[in-house]
Amino acid sequence: MIKAENLTKSYGRHLAVDNISFSIEKGEVIGFLGPNGAGKSTTMNMMCGCLAPSEGRITINGIDIMDEPEETRKYVGYLPEQPPLYFEMTVTEYLKFVGELKRVPKKQIKEDIDRIVNLVKIADVKDRLIRNLSKGYKQRVGIAQALMGNPPILVLDEPSVGLDPKQIIEIRNLINELKKDHTLIISSHILPEISAVCDRVLIINKGNIVASDTPENLSKRLTGSNKVYLRIKGEESAVRDALSSVAGAEHISVSPCQEEEALDVTVEAEGDEDIREKVFFALSGGKLPLLQMRPMEMSLEDIFLNLTTVEENA
Amino acid sequence: MLAVLKKEFKTYFITPVGYIFMGLFLLIAGITFVTGNVFSMSEDYANGTLSGLILVFVLAIPLLTMRIYTEEQRQKTEQLLMTAPIPTWQVVLGKFLAASLLFGMTLLVTVIFPILLSFHGRMEWPVIIGSYIGFFLLGCAFTSIGVFVSSLTDSQASAAIITLFLVLITWMIDFISGYMPQSNLSGIIFALVLALFLGLMVYNSSRNLTVSGLVLLAGLLVTGAILLINKEVFTSLITKSLNWFSLTSRFYNFPRGILKLSDLVYYLSFCGFFIYLTSRKIEKKRWS
Ligand SMILES: Nc1ncnc2c1ncn2[C@@H]1O[C@H](COP(=O)(O)OP(=O)(O)OP(=O)(O)O)[C@@H](O)[C@H]1O
Ligand SMILES: [Mg+2]
């Protein structure tokens, strides 16, 4: 549905997006993940026709957005990094204006407002001045604006930035709701949010895509399931002795933990071998009580740090 | 376009700007009317009140246009307009028309004055109508300058001041042009400077050295050719050009009841040119 080919954007000398390509199918939910200044917003701005690419092109349904800007923009609803709100309008006035601006037929504007206001839960503030709304509500009005005219593609730049945990969950639910009949592109710093809602994650760093996969695959790819986390009661030397007797165990790292007399230990096995049983018997043989054991999966946070720091060293 | 027009027009009355503009304009119009026509028992409305009003809107137009694009930039609402499925020039046109509409409406209120006068004497209606049309067109031209300037900056104050400055200059061109050197030589130099300026402008927008070089060369050739064929053209060329360019000198045709098509076309293309410039300026942001 959306295709970016060799997309490049430079601001003067500064290269913000460096030759990236991706394609997004209808109905997919894509997450853009990356540290500050990675080029997420710049990429999104280009997808929405706000910025022209320095090189490369973007097509929506096969149409180059630079060739037919007015036509292709109809398909995209955009929530920019800073919601484009007119503070001196009320929510309803604002949404009506956006509808007219997007050339939505008059009758549909009214229906859209009624539907969207309930969907993003701003019905109770719809006659208030935008200026007086709280940050979270402003953000929702921004999302409502992107939904006007019911465009098939939604591009949301950090939809949950600056919201409290409860509202973040609400926005997540909203995105799950929108998923049903929209193609979604979301950027975020809040990693659990991306893994909770996205089918695929593009990790962007310094203008490059460093990884593109499902959240599950990404974490598998980077760790395999051979790392085990343990909490053991006992002395460090005894623990080390017991564990090093386990065949295949490598990279034993020990650190103190908040429980008294206990230690946090991670053990990495060679290859794909499951060493959990061996570890259990080795510890029980050494009379070291095992308080906790679980296989370690790298969280998206770890992946993120891993990938971006690897990039840094290169 | 209509959506933008409606929104801008409404904003004039949500923020106090619209009221301040109307109030200021009508107040001063009233004062000039009372002093120029009532006290002096003059029935010459066009020359008395209307001509005096030019200064007022030289001062008041910047008020109308200062926030028209600066606010979009400051509130970051620009992105909404830039991603809307309508071409940029229509957005600009909508904004321009909103300002012109407010200005036109205010002007229409002052029609009361000549109507009042008409009870006391014979009015020259063609002259008055002519003046009003001229007045409106002149205001539109000033507005288009203001819209352009507001797209250049994101501070309302600087937009207002620069607009005021530019409008004042166009207004004073009449006075200045008389003092310009009249000799052939000065005319030739003026033509050369013009050619150079044109070349630079082409270079600035296209970054193409060959094309701008050709433009410059063409300018020089034309100047040379005219010099050979008809030297007289250069006599007081500066004054002639300035007068042609002057918005206000054309304005004085209207009160004489002369509605020349060329003047109408001039004003409209003036507005069109600045609307075009503004759209270009905004389009250029996509390429920053
Ligand atoms: N208008 C601009 N002029 C010059 N440089 C810019 C401009 N906008 C962005 N940049 C630069 O381009 C790079 C990418 O910025 P971008 O806003 O796309 O990052 P981001 O991934 O959205 O970051 P964040 O997570 O902070 O929002 C940054 O280094 C930024 O400094
Ligand atoms: Mg960003």
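Mentor: Rings of Phe, Tyr and Trp (its six-membered ring) pair if their centres lie within 6.5 Å; planes under 30 degrees apart count as stacked, over 60 as edge-to-face and the rest as tilted. This is a predicted model, in which local features need pLDDT of at least 70, side-chain atom pairs count only at pLDDT 80 or more, and totals for chains, interfaces and linings use all residues. Residues are numbered from 1 along each chain as its sequence is written, chains are lettered from A and ligands numbered from 1 in the order in which they are written, and side-chain values use heavy atoms, with hydrogens and water left out.

Trainee: How many aromatic pairs does the structure hold over all chains?

Mentor: Over all chains there are 14 aromatic pairs. One of them is edge-to-face, B:Phe13 with B:Tyr19, because the ring centres are 5.1 Å apart and the planes stand at 80°.

Trainee: Why does B:Phe13 count as partly exposed?

Mentor: Its relative accessibility is 24%; buried means under 20% relative accessible area, exposed over 50%, and partly exposed in between (1.4 Å probe, protein chains only).

Trainee: And B:Phe274, buried or exposed?

Mentor: B:Phe274 has a relative accessible area of 13%, so it is buried. B:Phe273 has 43% and is therefore partly exposed.

Trainee: Which residues form one aromatic cluster?

Mentor: The cluster consists of B:Phe148, B:Tyr266, B:Tyr267, B:Phe270, B:Phe273 and B:Phe274.

Trainee: Changing topic, which ring does the charged end of A:Arg140 sit over?

Mentor: That of A:Tyr137, with 4.9 Å to the ring centre. The criterion is NZ of Lys or CZ of Arg within 6 Å of the ring centre and within 35 degrees of the ring normal. In chain B, B:Lys95 lies over the face of B:Tyr69, 4.7 Å from the ring centre.

Trainee: On to the interface: how many residues of chain B are in contact with chain A?

Mentor: In chain B, 25 residues contact 32 residues of chain A (heavy atoms within 4.5 Å). The two chains bury about 2,600 Å² between them, 61% of it on carbon and sulfur atoms; buried area is the accessible area (1.4 Å probe) that two parts lose on being put together, summed over both. B:Leu80, B:Pro85 and B:Arg286 supply 26% of what chain B buries against chain A, more than any other three residues.

Trainee: What is the count of salt bridges between chain B and chain A?

Mentor: The count is 2, a salt bridge being a side-chain nitrogen of Lys or Arg within 4 Å of a carboxyl oxygen of Asp or Glu. A:Glu88 forms one with B:Arg67, their closest N and O atoms being 3.8 Å apart.
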